[in-house]
Amino acid sequence: RTQRAELLSEAVKSYEAALPVLSSQDAIKAKECKEALAGALTELAELRPRSAKANLRQAKALFQEVIEFARRNTPGMRYAGALENFAEVFAITAKRHPEDARAARDEARALLREAESIYIEVDDAERVRAVQSKLIGIAD
């Protein structure tokens, strides 16, 4: 657990160092870096409760940028995947911060429902079932 947190911290530093360079050179690689950074921050929030709120706040901001990029540039499956990843941040927020749990679960459900509708539209039954399973897992 400690080693995993240390590795994630190193990954966060690497992504943060790479992001300004990528942002000025390649929008798609910058988006991928933001998504990876947000994922690492989300995982780190689960392992380090003291810094969880700040990490989740930063992950949310990054995922919002990723989702906007995906909505405009890669609608469909990639956009739905970004929605699922963003929903995970809210699911973790609900677990870590009881005072924000209801709003976080509502946001996660909304994102997952939007992803589900995209998967239905592209006829991906496996992803529909996976999202439905995640929806069931979000308890009130």
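Predicted model: local features only at pLDDT ≥ 70, side-chain atom pairs only at ≥ 80, totals over all residues.
Biologist: Let's start with helix 3. How many residues has it got, and what length does it reach from its first C-alpha to its last?

Modeller: Helix 3 runs over residues 52-73, so to speak a stretch of 22 residues, and reaches 31 Å from end to end, C-alpha to C-alpha. At 1.5 Å a residue you'd expect 32 Å, and the value here is close to that.

Biologist: Which residues of helix 3 are buried?

Modeller: The general idea comes first. An α-helix has 3.6 residues a turn, so residues three or four places apart point the same way. Now the case here: the buried residues are Ala52, Asn55, Leu56, Ala59, Leu62, Phe63, Val66, Ile67, Phe69 and Ala70. They sit on the same side of helix 3, because they cover an arc of only 165 degrees around the axis.

Biologist: And which exposed residues are on the face turned away from that buried side?

Modeller: Arg57 and Arg72 are the exposed residues there.

Biologist: What does the buried side pack against?

Modeller: Three other helices: helix 1 (2-25), helix 2 (27-47) and helix 4 (77-96).

Biologist: Let me pick one out of that list. Is Asn55 buried or exposed, given its relative accessible area?

Modeller: The cut-off to keep in mind is that buried means under 20% relative accessible area. Asn55, in helix 3, has 10%, and therefore counts as buried. Leaving aside neighbours within four places in sequence, Asn55 is in contact with Leu41, Leu44 and Ala45.

Biologist: Where is Leu41 found, and which residues does Leu41 touch?

Modeller: Leu41 is in helix 2 and is buried, at 1% relative accessibility. Not counting residues up to four places away in sequence, Leu41 touches Val12, Asn55, Gln58, Ala59 and Leu62. For a distance, take Leu41 and Arg57: they're 16 residues apart along the chain, with 9.2 Å between their C-alpha atoms.

Biologist: What about Thr42, which residues does that one touch?

Modeller: Thr42 also lies in helix 2, and at a relative accessible area of 4% it is buried. With residues up to four places away in sequence left out, Thr42 touches Leu56, Ala59, Phe63, Val89 and Ile92.

Biologist: One more in helix 2, please. Which residues does Ala30 touch?

Modeller: Ala30 is in helix 2 and counts as buried, with 5% relative accessibility. Leaving out residues up to four places away in sequence, Ala30 touches Leu19, Leu22 and Ser23. Ala30 and Glu43 are 13 residues apart in sequence, and their C-alpha atoms are 20 Å apart in space.

Biologist: Now the pocket. How much space lies in the largest pocket, and which residues line it?

Modeller: About 180 Å³ of space lies in the largest pocket. The lining is made of Glu84, Ala87, Glu88, Ala91, Ala94, Lys95, Arg105, Leu112, Lys134, Gly137, Ile138 and Ala139. Helix 4, helix 5 and helix 6 (125-137) are the elements that give two or more residues to that lining.

Biologist: Which helix gives the largest share of the lining, and how do the lining residues divide by type?

Modeller: Helix 4 gives the largest share, six residues. By type, the lining has six nonpolar residues, one polar and five charged.

Biologist: How far is Ala87 from Glu107, C-alpha to C-alpha?

Modeller: They're 7.1 Å apart in space and 20 residues apart in sequence. Glu107 lies in helix 5 (residues 101-121) and counts as partly exposed, at 33% relative accessibility.

Biologist: Last one, on backbone angles. What phi does Asp123 have?

Modeller: Again, the general idea first. Most residues other than glycine have a negative phi. Here Asp123 has a positive phi of about 60 degrees, although it is not a glycine.

Biologist: Where is Asp123 placed, and is Asp123 buried or exposed?

Modeller: Asp123 is in the loop between helix 5 and helix 6. Asp123 counts as exposed, because its relative accessibility is 66% and the cut-off for exposed is over 50%.

Notes. Residues numbered from 1 in each chain as written. Heavy atoms only, no water. Helix = DSSP H or I, 4+ residues; strand = E, 2+ residues; numbered from the N terminus. Expected span 1.5 Å × (residues − 1). Buried < 20%, exposed > 50% of the residue type's maximum accessible area, 1.4 Å probe, protein only. Arc of directions from axis to C-beta. Contact = heavy atoms within 4.5 Å. 1 Å grid on protein atoms, 1.4 Å probe; cavity = no way out; pocket = protein on both sides within 12 Å on 5 of 7 lines; lining within 4 Å. Points joined across faces, edges and corners; volume = space filled by probe spheres on them. Nonpolar A, V, L, I, M, F, W, Y, C, P; charged D, E, K, R; others polar.
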